Amino acid sequence: MNIIFFGPQTSGKGTQTERLSEKLDIPVLRSGDILRNKKTTDDDEGREIASFIDVGKLIPDEMMNNIIKEELQKEAYKNGVIFDGYPRNLFQAKHLEEMINVDRAIFLDVPDALVLKRMAARRICSKCRAVYNLSSNPPKEEGKCNKCQGDLTQRSDDTEAAIAVRLNIYHNITEPLVNYYKEQGKLLHIDGTKSIEDVHEEILKHLTADA
Ligand code: G5P
Ligand code: MG
């Protein structure tokens with residue numbers, strides 16, 4: 001099964017894809033993490049990626065599409081994949097369809113006011129990239145990852161300036177995917193404002209009904 005997750009920043013794509021992946025035993029392809037890994041390399045590509053991500057802008061489509069095409073060659077994805085963060089616009093959605101069949105597109109719907117609140121409370125493990133929330137999903141030990149004891153940090157693009165750019169891009173460029181997948185009968189519109197567990201259960205309920 002091939003599943004796409006999309007929605008505004010902090011809508012829970014990272015959190016929910018991780019849970020669903022464990023449940024269904026399907027790997028997650030996380031465009032943001034691939035880019036952040038490349039960004040840490042001190043070469044032209046790494047610097048170019050940083051120049052987009054850190055100010056909240058999207059990576060150019062052609063570059064992104066090539067990265068995904070290469071990633072999808074991996075054996076790990078041959079029986080199915082859960083996408084977190086790709087596609088992010090109609091051009092990328094069409095490019096993806098040339099490579100695989102999308103079974104479901106899960107739209108995590110969260111209002112802008114909640115996005116801003118969640119962003120301020122989000123912490124990421126600097127080693128394994130596990131996601132926490134200081135109020136709704138805090139780590140057991142302050143500042144440390146439950147899984148690997150890595151230090152928890154804030155993302156470089158979780159700044160007020162970058163989030164304004166990111167939300168604007170989301171509404172103008174990514175949101176049209178809602179109608180695109182609705183017209184194809186593939187859209188699952190999920191209320192992303194509930195608790196992490198409730199959202200997970202809601203997604204599972206729909207996917208089980210599909211099967
Ligand atoms: P990313 O890395 O894809 P965004 O901006 O799309 O980044 P983000 O911020 O990673 O999305 P998320 O993954 O949707 O958000 O949210 P999350 O991290 O799981 O959860 C956020 C917080 O809310 C956490 O604190 C969590 O605990 C809490 N939470 C999560 N789920 C729930 C829930 O169900 N209930 C409750 N109550 N709380 C919850 O992209 C970064 C950059 O990479 C580039 C761009 O520059 C982009 O800005 N990029 C691309 N560029 C071009 N094309 C693409 N396809 C690109 N993909 C990435
Ligand atoms: Mg994420």
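The exercises below, each with a worked solution, concern a predicted model.

**Exercise 1. Surroundings of ligand 1**

Find how many residues surround ligand 1, which of them are closest, and how the shell divides by class.

Solution. 
Step 1. The shell around ligand 1 consists of 35 residues. The closest are Thr-15, Lys-57, Arg-88, Arg-166 and Lys-194.
Step 2. Sorted by class, the shell holds 11 nonpolar, 14 polar and 10 charged residues.

**Exercise 2. Backbone atoms and cover at ligand 1**

Give the distances from ligand 1 to backbone atoms of Gly-14, Lys-57 and Ile-196, then state how much of the ligand's area the protein covers.

Solution. 
Step 1. Look at the oxygen atoms of ligand 1. One lies 2.9 Å from a backbone N or O atom of Gly-14, and a backbone N or O atom of Lys-57 is 2.6 Å from an oxygen atom of the ligand.
Step 2. Turn to nitrogen. A polar backbone atom of Ile-196 is 3.4 Å from a nitrogen atom of ligand 1.
Step 3. On its own, ligand 1 has 1,100 Å² of accessible area, and the protein covers 97% of this.
Step 4. Helix H1 (13-24), helix H2 (31-39), strand S6 (131-133) and helix H9 (196-210) are the elements that give two or more residues to the shell.

**Exercise 3. Helices H2 and H4**

Decide whether H2 and H4 are roughly parallel or roughly perpendicular, and list the residues through which they meet.

Solution. 
Step 1. The axes of H2 and helix H4 (residues 61-71) come within 11 Å and cross at roughly 100°.
Step 2. Angles of 65 to 115 degrees count as roughly perpendicular. H2 and H4 are therefore roughly perpendicular to each other.
Step 3. From H2, the residues in the contact are Ser-31, Ile-34, Leu-35 and Lys-38; from H4, they are Met-64, Ile-67, Ile-68 and Glu-71.
Step 4. By class, the residues of this contact are five nonpolar, one polar and two charged.

**Exercise 4. Backbone details in two loops**

Describe the peptide bond between Tyr-86 and Pro-87 and the phi angle of Arg-129, and locate Pro-87 and Arg-129.

Solution. 
Step 1. Tyr-86 and Pro-87 are joined by a cis peptide bond, with omega about 0°. Pro-87 sits in the loop between strand S3 (81-84) and helix H5 (90-97).
Step 2. Arg-129 is not a glycine, yet its phi is positive, at about 70°. Arg-129 belongs to the loop between strand S5 (122-125) and S6.

Definitions and conventions
Residues are numbered from 1 along each chain as its sequence is written. Chains are lettered from A and ligands numbered from 1 in the order in which they are written. This is a predicted model: local features need pLDDT of at least 70, side-chain atom pairs count only at pLDDT 80 or more; totals for chains, interfaces and linings use all residues. Side-chain values use heavy atoms; hydrogens and water are left out. A residue is near a molecule or strand if one of its heavy atoms lies within 4 Å of it. A polar contact is a pair of N or O atoms within 3.5 Å; within protein, one must be able to donate a hydrogen and the other to accept it, and residues adjacent in sequence count only if both atoms are side-chain atoms. Accessible areas come from the Shrake-Rupley method with a 1.4 Å probe; for residues, only the protein chains shown count as cover. Helices (H or I, at least four residues) and strands (E, at least two) are DSSP runs, numbered from the N terminus. Ala, Val, Leu, Ile, Met, Phe, Trp, Tyr, Cys and Pro count as nonpolar, Asp, Glu, Lys and Arg as charged, and the others, Gly among them, as polar. Axes are lines fitted to C-alpha atoms, for helices over the stretch in contact, and angles run from 0 to 180 degrees between N-to-C directions. Angles under 35 degrees count as roughly parallel, over 145 as roughly antiparallel, 65 to 115 as roughly perpendicular and the rest as oblique. Contact means heavy atoms within 4.5 Å.
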